[in-house]
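Here are my notes on this one, with the salt bridges and the domain contact in mind. Have the structure open while you read.

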Amino acid sequence: MNKAKLKEAEKIFVMRFPGGFSNPQMLELTKKHKVEKMKKMAQDSFAVGQFESADNIIDSMGKIVSQSSLISLFEKPKFRDLVKVLSDGEKKHLAHGLKEFLHGDQAFGFGLMTGLLHEYKLAKWPLLTVYPIYYRPSVEVFIKPTTAKGIIEYFELTGLKYNSNPTFEFYKAFREQIMQMKQEVHASLQVDNAAFCGFLMMTLENHLHTELRR
């Protein structure tokens, strides 16, 4: 990673928002995106004991997607329509994949979910990573294509090449580098990975605006 760029981004962010994510403006933004509500919903819905009912898990996945500000308006209706047409066997398959990802073999679970969603042309990074980022926000990462590509390029993350086809190998490697970057900044920016990636996204937006003004 380019530590100089990261420290510069941290400096600009803290100057703009003293106190980092405890700044009133950032707290208001958190409320706007219903972050705490979404975390509680995911943690209640995807606790290991909930996986006895595949129907309930799929229903909860649909609610997370429909209510999350992380998911685009383009993807929400497509996932809603998918939930309506899944067979009982497919629901069990998808639910088992999520259970493995959150509570068992992550690579296996990711593969199960990706395989099924791929059949419906919905194997998209946001639709695969939105559940874990709410369920375990200090450990997992949310991958939004444009943001992930921007972070890799701007902060010069080595050994990472974004691919629109989701793989657990990329997810794991991206997560590792995000965790490493998070350790390099002030504690006020280390709330969780969702907030930290929000900070990185704002940095990219500021950089783009600066470039456009030149």
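**Notes on salt bridges and the domain contact**

1. Start with the network: E36, K39 and D192 are linked by salt bridges. A salt bridge here is a side-chain nitrogen of Lys or Arg within 4 Å of a carboxyl oxygen of Asp or Glu. In the K39 and D192 pair, N to O is 2.9 Å.

2. A word on the source. This is a predicted model, where local features need pLDDT of at least 70, side-chain atom pairs count only at pLDDT 80 or more, and totals for chains, interfaces and linings use all residues. Residues are numbered from 1 along each chain as its sequence is written, and side-chain values use heavy atoms, with hydrogens and water left out.

3. Now the layout. Domain 1 covers 3-32 + 139-212 and domain 2 covers 37-135, with bounds from an automatic or database domain assignment. Their centres, taken over C-alpha atoms, sit 24 Å apart. Domain 1 puts 18 residues into the contact and domain 2 puts in 17, contact being heavy atoms within 4.5 Å.

4. How much area is buried between domain 1 and domain 2? About 1,400 Å², with carbon and sulfur atoms giving 73%; this is the accessible area (1.4 Å probe) that the two parts lose on being put together, summed over both. On the domain 1 side, F142, P166 and F168 supply 48% of the area buried against domain 2, more than any other three residues. The rule finds 1 salt bridge across this interface.

5. E184 pairs with K3 at 3.6 Å between the closest N and O atoms. E184 is in the loop between helix 10 and helix 11 while K3 is in helix 1 (residues 3-16), so this pair ties together parts 181 residues apart in sequence. Helices are DSSP runs (H or I, at least four residues), numbered from the N terminus.

6. K5 and E156 make another one, at 3.4 Å, N to O. K5 lies in helix 1 and E156 in the loop between helix 9 (145-154) and helix 10, so parts 151 residues apart in sequence are tied together. K5 is partly exposed at 25% relative accessible area, and E156 is partly exposed at 41%. The cut-offs (1.4 Å probe, protein chains only) are buried under 20%, exposed over 50% and partly exposed in between.

7. For a local pair, look at D44 and K40, 2.6 Å apart at the closest N and O atoms. Both lie in helix 3 (residues 35-45), 4 residues apart, about one turn of the helix. D44 is partly exposed at 40%, whereas K40 counts as exposed at 52%.

Note on methods
Helix = DSSP H or I, 4+ residues; strand = E, 2+ residues; numbered from the N terminus.
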